[in-house]
Amino acid sequence: MNSRARLTEDEIAAALADVPHWSREGESIVRTADAPDFPAAIRVVDAVAEQAEALDHHPDIDIRWRTLRFVLSTHSAGGLTGLDFTLATRIDGALSAESAA
């Protein structure tokens, strides 16, 4: 699901079912999560940065102490694509690795 083609509403709904911690806000998907502490939050961001570079697809990340907020959208497509959901899954993995809630 690494396509940069814009997804249909039905495809978005189906993809959201596979990433239950994410919600839709307009033409983006978002997730907020708390890491155990600030160093763990930074490790998550570092792991996400590596995945984002590998996919050439970069999230908006807001760091507030140990709370992280991720926003994904494919701006070049004007909305959500398969890349957003691929990266969402990888972000979930990075958060799980740090025991984030």
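**Sheet and helices, in questions**

Biologist: Which residue in E2 stands opposite Ser-23?
Modeller: This is a predicted model, where local features need pLDDT of at least 70, side-chain atom pairs count only at pLDDT 80 or more, and totals for chains, interfaces and linings use all residues. Residues are numbered from 1 along each chain as its sequence is written, and side-chain values use heavy atoms, without hydrogens and water. Strand E1 covers 23–25 and is joined to strand E2, residues 28–34, in the antiparallel sense by 3 bridges. In E2, the residue opposite Ser-23 is Val-30.

Biologist: In what order do the 4 strands of the open sheet lie?
Modeller: Strands are DSSP runs (E) of at least two residues, helices (H or I) of at least four, numbered from the N terminus; two strands pair if DSSP finds at least two bridges. The edge strands, each pairing on one side only, are E1 and E3 (60–64). E2 and E4 are paired over 6 bridges, with Ala-33 facing Leu-68 in E4. The pairing is antiparallel, and the order is E1-E2-E4-E3.

Biologist: Which residue in the turn of the hairpin has a positive phi?
Modeller: The hairpin is formed by E3 and E4, which pair over 5 bridges in the antiparallel sense. Ile-61 stands opposite Phe-70 in E4. There are 2 residues between the strands, and the one with a phi of about 55° is Trp-65.

Biologist: How are H2 and H3 oriented to each other?
Modeller: The axes of H2 (residues 38–55) and H3 come within 9 Å and cross at roughly 150°; axes are lines fitted to C-alpha atoms, for helices over the stretch in contact, and angles run from 0 to 180 degrees between N-to-C directions. Under 35 degrees counts as roughly parallel, over 145 as roughly antiparallel, 65 to 115 as roughly perpendicular and the rest as oblique. H2 and H3 are therefore roughly antiparallel.
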